[in-house]
Amino acid sequence: MIKHPLCKYTAFVALILIIPFVLKGSYLINVMVFVGINTMLAIALNLLLGYAGQISLGHAAFFGLGAYLSGVLTATHGMNPWLVMVAAAVGVGLLAFVIGFPILRLKGHYLAMATLGFGIIVYIVFNETVDITGGPSGLSGIPNLKLGPVAFDSDLKNYYLVWIVTLLVVLLAVNLADSRIGRSLRAIHDSEVAARVMGVNARLLKVQIFALSAVISSLAGSLYAHTMAFVAPASFGFNFSVELLTMVVIGGLGSIYGSFLGALLLTLLPEFLRFLHDYDIVFYGLLLMVMIMFMPGGLVRGIPALLRRMMTGRKKGETVDA
Amino acid sequence: MEQILQYSLSGIATGAIYALIGIGFSIIYNATGIINFAQGEFVMLGGILTFFFLDILQFPLWGAIILAVTGATLCGLLFERLAIRPLAKATPINLVIVTIGGSILIRGLAMLIWGKDTHSVPSFSGDNPIAIGSATLLPQHLWIMGITLAVICLNKYFFYHTINGKAMRACAYNPRAAGLVGIDVKRMVLLSFVISSAMGSLAGIIIAPLTMTAYDVGVMLGLKGFCAAIIGGMSTGMSVVVGGLLLGVLESLGAGLISSGYKDAIAFIILLLILFIRPQGLFGKAETERV
């Protein structure tokens, strides 16, 4: 098996590079753009939830803030999209840093409720500030990104754009998870008091990882706004926060590649459930419950376990035959 | 001044609803440690089943209400047996996801069965407003306050004066010790789901004449109930009721005096402020962690 982190990462990059050739000309390449964006978001949430053990039910808000800042400042005020993207990420990161101190003092369901509340407040602001955001009907006319002579105006170009950023985020997250900071975060996860006794500045570190998570989400939001050319509040509500949480848990808590698997499954699923029409929501809820019941460790741990069981099962069959 | 009285009165009525839903959250939380995100769906089921029995099957109102509570309670019972009990050893986050999955499933089924339309349910005793000083009150408001009060008294009686209620409190305090003295903890968990789905559906029924009902009304009502429970420190007693009333009145005043578009935002801002000042809820005791 590929165990070394560098081998894993190279294999992952290779997979991402092969996908456009496999999906050539298919609309699925467009879906894969969103898989990239959702992967970033799932990793952002996973750093917070899977590593530091701090739940957030309001991460869609950071995603939405990034998207709306990019959308409004480029479409309405004609500012440079790249500059805006960076400025938005910094701004959202600062906001997260400031609100992080009071919010992350909370624990368990109180933390869940506070982040949820924050998410809903931001969502309502998107809806109500009609003059700026266009309200519930959304904001259109967001320009595509341009880099010199290259305009990112096709699905394939957007695929490369989004996935380059995503791969960088993956690299960052994998390195972070395996560093002193990553170990400190896991210590906080297991016992905050014990971590503090060992000299980890838990309070600050939690807020820092919360802010980093918000920065990644904001970047994903900016990319989303420019690739979609349109944003509406419905994409950033409570439901999406829950969907992100589901991606992280179904993929596997505390696994960066697991977040990719979770994002892949939950983004592709609606595409394959089209034939179910209105029944898809029922199926979605059912799948969520069944997944947790039978793969509580997420895909990243559940699939190898399943394969192992199948292999040992086959061996038993062989001995019977013999 | 007149307006403030008016907003406060209608705030008390919605606050009572939040309190009922919040107590449902607390009962399940105390018995199992689970935050049941499907709680709002039982509220929705209460309203929409009443509509179904009343309008489509032509039952009388009281019959429809009894059947709706029974139906929603059966759903709660099934939910516990099929989704929660098999997962007894799951991590808290997985349990939260399962309840979210359950809420999506129930909401989806309701959408398939009753469609996406909003349905109205008639008031229990007419719509002639009653004047109280300079403000007016609908008879339905009185029904809401009366029924909530009755349910809370019943609740108090159940938890403090019946053997099952005392057993449930023992489970909340320490499930292992409760099991050791012969209490059937699994049955108590099931009972907690039955009680809270019944209470949730009743809340959905009594508010339906004021707000109409549809397959998706459970989400916001559920979250507000959760707010009330958090403000009240996740207890099953008066503090959640006070939390619900506080939330209802402040939200109603904010919506009336500041902006109705921000009504839901105001509720959550109040919640955040309370949590920032008192991280353990307004009435909760600070917990110390043992290492």
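Predicted model: local features only at pLDDT ≥ 70, side-chain atom pairs only at ≥ 80, totals over all residues.

Analyst: Happy to! The axes of α11(A) and α12(A), the latter spanning residues 256-272, come within 7 Å and cross at roughly 125°. An angle from 65 to 115 degrees would count as roughly perpendicular and one over 145 as roughly antiparallel, so α11(A) and α12(A) are oblique to each other. Their crossing is right-handed.

Now look at who does the touching. From α11(A) come Glu243(A), Thr246(A), Met247(A), Val248(A), Ile250(A) and Gly251(A). They meet residues of α12(A) that include Phe260(A), Leu261(A), Leu265(A) and Leu266(A), along with Gly258(A) and Ser259(A). Sorted by class, this contact has eight nonpolar, five polar and one charged residues.

In total, 34 residues of chain A are in contact with 33 residues of chain B. On the chain A side, α5 (108-128), α9 (192-197), α11 (238-251) and α13 (280-294) each supply at least two residues. The most comes from α5(A), with eleven residues. By class, that side of chain A has 26 nonpolar, five polar and three charged residues.

And the partner? Chain B is made of eleven helices and two strands. Its radius of gyration is 19 Å, close to the 19 Å that the globule rule gives for 291 residues, so chain B is as compact as a globular protein of that length. Buried residues make up 49% of chain B.

How values were computed. Residues numbered from 1 in each chain as written. Chains lettered and ligands numbered in written order. Contact = placed C-beta atoms within 7 Å. Helix = DSSP H or I, 4+ residues; strand = E, 2+ residues; numbered from the N terminus. Nonpolar A, V, L, I, M, F, W, Y, C, P; charged D, E, K, R; others polar. Axes fitted to C-alpha atoms, helices over the stretch in contact; angles between N-to-C directions. Parallel < 35°, antiparallel > 145°, perpendicular 65-115°, else oblique. Left-handed = near helix turned anticlockwise from the far one by under 90°. Rg over C-alpha atoms; globule rule 2.2 N^0.38 Å. Buried ≥ 20, exposed ≤ 12 C-beta atoms within 10 Å, placed from the backbone.
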